[in-house]
Amino acid sequence: MSVRTLPLLFLNLGGEMLYILDQRLRAQSIPGEKARKDEWTDVDRKRVMNDIITTMFNKKFMEELFKPQELYSKKALRTVYDRLAHASIMRLNQASMDKLYDLMTMAFKYQVLLCPRPKDILLVTFNHLDTIKDFIHDSPGILNQVDETFRQLIETYGGLSAGELQLIRQTLLIFFQDMHIRVSIFLKDKVQNSNGRFVLPISGPVPWGTEVPGLIRMFNRNGDEVKRTQFTTDGNYVAPQREGSFDLYGDRVLKLGTNMYSVSRPVETHMAGSSKNPASHAKESTVPNPLAKEELNFLARLLGGLDIKKPGGSETGFRLNLFTTDEEEEHAALTRPEELSYKVINIEAMQ
């Protein structure tokens with residue numbers, strides 16, 4: 001398992017979270033002059049996005065995140081995102097938070113599966129950060145925070161070998177391997193089966209630096225080509241036009257990691273049959289975890305930089321519903337498998 005995976009996992013999942021929140025906040029916002037006191041406005045949306053991005057890219061938080069360390073459990077990371085999502089005046093109930101996390105994880109899992117080569121996971125990360133910068137383009141202070149993380153990514157991952165990057169990709173796939181949640185967008189686009197597993201394409205551009213399959217070259221002991229043989233393939237492969245930019249600014253070429261919610265359409269999540277098995281979840285939760293102490297220390301360090309903003313004075317927290325109606329949200333909460341319940345963890349991060 002790679003000790004350099006955590007920053008990429010956190011930043012990409014965080015980017016997907018911001019895409020979803022921005023889409024839902026836009027869908028539920030009311031023009032300022034028409035909004036009641038308890039309704040969202042575009043000013044509220046920008047405030048929420050700024051608050052969450054500021055917290056997400058907190059300097060001390062990023063310093064802890066980029067330290068070489070093993071990946072921790074799904075519950076530990078889920079706790080971090082619970083705190084991050086509530087680092088503003090926005091409030092999500094448990095069912096909406098479940099749905100948000102399901103969408104985040106399945107979107108990034110799909111992107112990792114489709115990466116043409118391990119190094120392109122960096123381009124996926126850069127796409128997320130590029131879009132995040134668009135969210136806060138009029139806030140130079142927050143932009144500087146994101147740019148600093150950009151520089152850390154380039155410094156940390158720019159010099160890694162292909163083998164080290166492949167180990168990072170394998171670590172990510174191991175993290176996601178038991179997650180098979182059906183998402184309406186993926187089902188509609190026929191990139192996900194009814195069992196929650198993704199359909200991988202056998203056509204399209206090949207990874208940068210490789211050739212389109214269909215030709216076998218044979219060489220003698222001196223390295224001279226002596227024979228060529230062609231063969232047919234089932235896929236329709238094409239050579240990539242150019243490599244994506246790994247600089248602070250540039251054309252990433254790769255579209256994985258861009259905002260798929262920019263065109264408004266309803267998104268639903270459903271637990272696949274294999275994921276509803278209580279026994280598998282019970283096994284995960286009852287087996288003693290030898291890293292439990294380390295996980296709590298990890299959470300204490302990370303959560304120390306994630307402050308939940310509580311509404312002050314007469315200001316009330318705004319509730320965001322990730323479902324179409326309140327009734328759907330209530331139904332999801334009632335039918336939520338008990339083994340997925342996450343208890344609130346309160347940790348005092350002592351200096």
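**A walk through the predicted chain**

The protein chain holds 12 helices and 8 strands, taken as DSSP runs numbered from the N terminus (H or I over at least four residues for helices, E over at least two for strands). Keep in mind that this is a predicted model, where local features need pLDDT of at least 70, side-chain atom pairs count only at pLDDT 80 or more, and totals for chains, interfaces and linings use all residues. Residues are numbered from 1 along each chain as its sequence is written, and side-chain values use heavy atoms, with hydrogens and water left out.

How far can you trust it? pLDDT is the predictor's confidence in each residue, from 0 to 100. Its mean over the protein chain is 81, with 72% of residues at 70 or more. Residues 274–291 fall below 50, and that stretch has 11 contacts beyond near neighbours in sequence, a contact being heavy atoms within 4.5 Å. Over residues 339–351 pLDDT also stays under 50, and here the model has 17 contacts beyond four places in sequence.

As for the chain overall, 45% of its 351 residues count as buried, i.e. under 20% relative accessible area (1.4 Å probe, protein chains only). Among contacts with a separation of 6 or more, 77% join residues 24 or more positions apart.

Now to the lining of the second largest pocket, where 29 residues take part, with Leu114, Pro116, Pro205, Val206 and Leu254 nearest the centre. The elements giving two or more residues to this lining are α5 (94–114), α6 (120–135), β3 (204–205) and β6 (237–238). A pocket here is an open set of points on a 1 Å grid over the protein atoms alone, where a 1.4 Å probe fits, with protein on both sides within 12 Å along at least five of seven lines; lining residues have an atom within 4 Å of a point.

Methods. Buried < 20%, exposed > 50% of the residue type's maximum accessible area, 1.4 Å probe, protein only.
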